[in-house]
Amino acid sequence: GKDGYRHYMEKELHEHPLVIGQTLQRMVDPATRKVVLPELPFSLADVPRAVITACGSAFYAGMIGRYWLEEIARLPVDIDVASELRYRNPPLDRHSLGLLISQSGETADTLAALRALRQTAVHILSVLNVEHSSMARESDAVLGTVAGPEISVASTKAFTAQLTVLACLSIATARARGHLDPLREEELVSALLDLPTRAADALAQHDAVRAMARVVAEARDVLYLGRGSLFPVAMEGALKLKEISYIHAEAYAAGEMKHGPISLIDSSVPIVASAPHTPLFDKTLSNLQEAKARGGRLLVFTDTKGAERVSAIAEQMVVLPHVHDFVTPILQVIPVQMLAYEVAVLKGTDVDQPRNLAKSVTVE
Ligand code: F6R
C-alpha cells in the first residue's frame, strides 16, 4: 500500500534516503570505506571508452554518469538515447564498454540498443533495478540498483539509485585506470556515505517546494536551467513536470539560454533553476540575472552556501545542505522531482498513472 502517502510517487520520493543507503551497502565495504564492485568478466583498466545508452530519466542519469566517468576516471564517454544509438552506428572496438541503464530492464528501445551493441562485440554492462529481466539475461554483467519495486509510472527513487551505482562505478573505474589516489577515494566515498542523511534533509524542504509549486501550477510553460552535472537535473525536472502535470517544460543548459530561449522570457514563464554552490555557481548566477533583467520569475534550488546570493534575485528558493560537488546532482534532483509531484497534486491529475504513459515501454 501507500503507507499513508497520497500517491505511490510521494511514497517513493520519501524512499530516496533508504534506496541510496541500500545501494551503497552493496557497493562500499564498510571496513575499508572503499568501493567494491561485483566481479566483472572484463577489466575496467582495459576499457578504452564507453558508450552509455538509455531512455527518459535513465538517460539523464547516464548524462550525469558521463560527467563522473570523464572527470574522475578520465574515460572517454559517448552517450545517446537508446532509440537513436543505432542510427549513429558509432565506431567501437571490442574492448569498449556498452553501459546500459534501465529501471525495468524491459524497455524495447534500450533492449534493441543492447542487441545492436552486441553485434560490435563490446562488453555489455547494465545498471538495472529489475534483476530478472530481459536486459539482465542479455548482459555480460549487471550492477543492481537496490530501489525495490517502483510502482508510480514516473520514476523517482530508481533515478537516485542509478546515480549511486554510476558514482561507485566511476570511482572503481578511476582506481583501475590509475586516476584515483586513496585520499581522494576516501573523500568521494565519504560524500556518498553522507547522502542518505542529506537526502532526508532535502525531503524536509516540502513547505518551500509547495510554495514554488503554487507558482508553477499557474504557468503554461516553464523553463528549467542548470549547468554541468546540474543540466541533466534540469532535464529530469522538465520531463517529470510534463509527464505528470501536463505543463509544457523545457530544459536548457544555463549558458544556452542567451542563444535563443531568452526570447521567451517574461513574467508568465517561470524559470526553475538548479544553482547550488559548485564551481559553476557564478556563471549560472549571471545567467539568472540576465533572465531576471528581462522580467523572468526565478524559482531556484540552491544550497546553504549559495543561498545568500540567490536570495537577492530569486522570487522563491529551496535551500539544501551544501555537499561535495561530486554528489550535488544526486541531492539536488530530489526536490526537483518533488516539485513536479506537488504541481501535479495541485492540478489534480492522476499522478501515479499519467495519461498515455506506461511503466515500461515495450514497443520501439
Ligand atoms: C520518467 C520515466 C521514463 C523512464 C524510461 C526508461 O519518469 O519513467 O522516462 O525513465 O521510459 O524506463 P526504464 O528505466 O525502465 O528503461
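This is a predicted model: local features need pLDDT of at least 70, side-chain atom pairs count only at pLDDT 80 or more; totals for chains, interfaces and linings use all residues.
Residues are numbered from 1 along each chain as its sequence is written, and side-chain values use heavy atoms, with hydrogens and water left out.

The ligand is surrounded by 14 residues, of which Ser102, Gln103, Ser104, Thr107 and Glu243 are the closest; a residue is counted here if one of its heavy atoms lies within 4 Å of the molecule. The shell comprises 5 nonpolar, 7 polar and 2 charged residues, where Ala, Val, Leu, Ile, Met, Phe, Trp, Tyr, Cys and Pro count as nonpolar, Asp, Glu, Lys and Arg as charged, and the others, Gly among them, as polar. At least two residues of this shell come from each of helix 3 (56-71) and helix 11 (231-245), helices being DSSP runs (H or I, at least four residues) and strands likewise (E, at least two), numbered from the N terminus.

An N or O atom in the side chain of glutamate 243 is 2.6 Å from an oxygen atom of the ligand, while backbone N or O atoms lie 3.2 Å from a ligand oxygen atom in serine 57 and 3.0 Å from one in serine 155.

Phenylalanine 301 is located in strand 11 (residues 298-303), and this residue counts as buried because its relative accessibility is 0%, the limit for buried being under 20% relative accessible area, with exposed over 50% and partly exposed in between (1.4 Å probe, protein chains only). The C-alpha atom of phenylalanine 301 is separated by 25 Å from that of glutamate 70, 231 residues apart along the chain.

Conventions:
A polar contact is a pair of N or O atoms within 3.5 Å; within protein, one must be able to donate a hydrogen and the other to accept it, and residues adjacent in sequence count only if both atoms are side-chain atoms.
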